[in-house]
Amino acid sequence: MIRLKNEDQINKIRKSCHELADLFNEIIPKVKPGVSTWEIDQWCQEFCRKHGGKPAWMREGFPGMACISINEQVIHGIPSKKRFVQDGDIVSLDIGIDLDGYISDSTHTVMVGNVKPEVKKLVRVTRESLLAGIEACHPGNRISDISNAVYDICANQNKYGVVYDYCGHGVGLDVHEDPSIPNCPSRGPNPRIQAGMVLAIEPMINIGTDDVELEDGSDWTVVTCDGSISCHEEHTVAVFPDHTEILTDLNYNGCAVTGF
């Protein structure tokens, strides 16, 4: 069941999203060679405690506040004292905040140091596809219009693998709500987009194959089957009768990290 949000609920979700944007603006500059993924997660948890929020993913049993996925890891990378960021890595930070019961959800991929040109292109195209998906997200369109916008840029124009096993979703009153938002053409439910929807749109794009699997020994971390690099970008958006607002926009207060 799709839960349409009223004005008061969207205002409270927006507050959670702005706190999450503030977290990203503080954390992204700290993601540098030599830092462990555990340290990054601790910084996120400390920020959350200071600002009155709770780690959203822990409601679902995830062992950390941030899913920190590096290179071939697609999603759900577990923070670890043994995994260190290295020069040339791309690091996807998927973070959510539960602020008084209202959930925000966003992902940004950080390019660390001397990233290869083909990987930089992957990140650029993934971000472009996210914005295209958001552009297609307005009343009267259907969920498939978001999916097709992402797929056209990533698969048709750039021949990347578009992850089909995982997708975007409704969000705001819970971590995962209806509807599902695939990043590729799907035969599943295809509801019409309505004012009051709050959605997490999140392309997960691979340089190589679109096939993914669980990492050896993990119940959480998803990796590309061929070991190729993957990029993940995500925003929470709210749909209004006459526009769609990016609630997790890093520049909502004019103070965004450069390049995001």
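**Figure 1. Contacts of N25 in the predicted model.** Leaving aside neighbours within four places in sequence, N25 is in contact with L250, C255, A256 and V257. This view, like those that follow, is taken from a predicted model. N25 itself belongs to helix α1. With a relative accessibility of 15%, N25 counts as buried, because the term applies to residues under 20% relative accessible area.

**Figure 2. The salt bridge between K5 and E177.** Side chains of opposite charge can pair when their charged atoms come close. Here the side chains of K5 and E177 meet in a salt bridge, with an N to O distance of 2.6 Å. K5 is found in the segment before α1 (7-27), whereas E177 is part of strand β8 (residues 177-181), so the pair ties together parts that are 172 residues apart in sequence. K5 is buried, its relative accessible area being 7%. E177 is likewise buried, with a relative accessible area of 7%.

**Figure 3. The salt bridge between R14 and E245.** In the salt bridge that R14 forms with E245, the closest N and O atoms are 2.9 Å apart. R14 is contributed by helix α1 and E245 by strand β15 (residues 244-246); the pair therefore ties together parts that are 231 residues apart in sequence. R14 and E245 are both buried.

Figure 4. R127 and E233 meet through their side chains in a salt bridge of 3.3 Å, N to O. Helix α3 (residues 117-135) holds R127, while E233 lies in the loop between β13 (230-232) and β14 (235-239), so parts that are 106 residues apart in sequence are tied together by the pair. R127 counts as buried at 19% relative accessibility, and E233 counts as buried at 3%. Elsewhere, salt bridges that share partners join R3, K5 and E177 into one network. The count for the structure comes to 9 salt bridges.

Figure 5. The structure holds 0 disulfides. For C154, the closest cysteine sulfur is that of C231, at 8.9 Å, which is too far for a bond, because a disulfide requires the two sulfur atoms to be within 2.5 Å. C154 counts as buried, at 0% relative accessibility. C225 is also in no disulfide, and the nearest cysteine sulfur, that of C184, is 15 Å away. The relative accessible area of C225 is 39%, and this residue is partly exposed.

Figure 6. Rolling a probe the size of a water molecule over the atoms shows where empty space is left. A search of the whole structure finds 1 cavity of 30 Å³ or more. The volume of the largest cavity is about 70 Å³. Its lining is made up of I143, S144, S147, N148, P182, C184, P185, S186, G188, P189 and N190. Sorted by class, this lining has 5 nonpolar residues, 6 polar residues and no charged residues. C184, one of the lining residues, also carries the cysteine sulfur nearest to that of C225.

Technical notes. Residues numbered from 1 in each chain as written. Predicted model: local features only at pLDDT ≥ 70, side-chain atom pairs only at ≥ 80, totals over all residues. Heavy atoms only, no water. 1 Å grid on protein atoms, 1.4 Å probe; cavity = no way out; pocket = protein on both sides within 12 Å on 5 of 7 lines; lining within 4 Å. Points joined across faces, edges and corners; volume = space filled by probe spheres on them. Nonpolar A, V, L, I, M, F, W, Y, C, P; charged D, E, K, R; others polar. Salt bridge = Lys/Arg side-chain N within 4 Å of Asp/Glu carboxyl O. Helix = DSSP H or I, 4+ residues; strand = E, 2+ residues; numbered from the N terminus. Buried < 20%, exposed > 50% of the residue type's maximum accessible area, 1.4 Å probe, protein only. Contact = heavy atoms within 4.5 Å.
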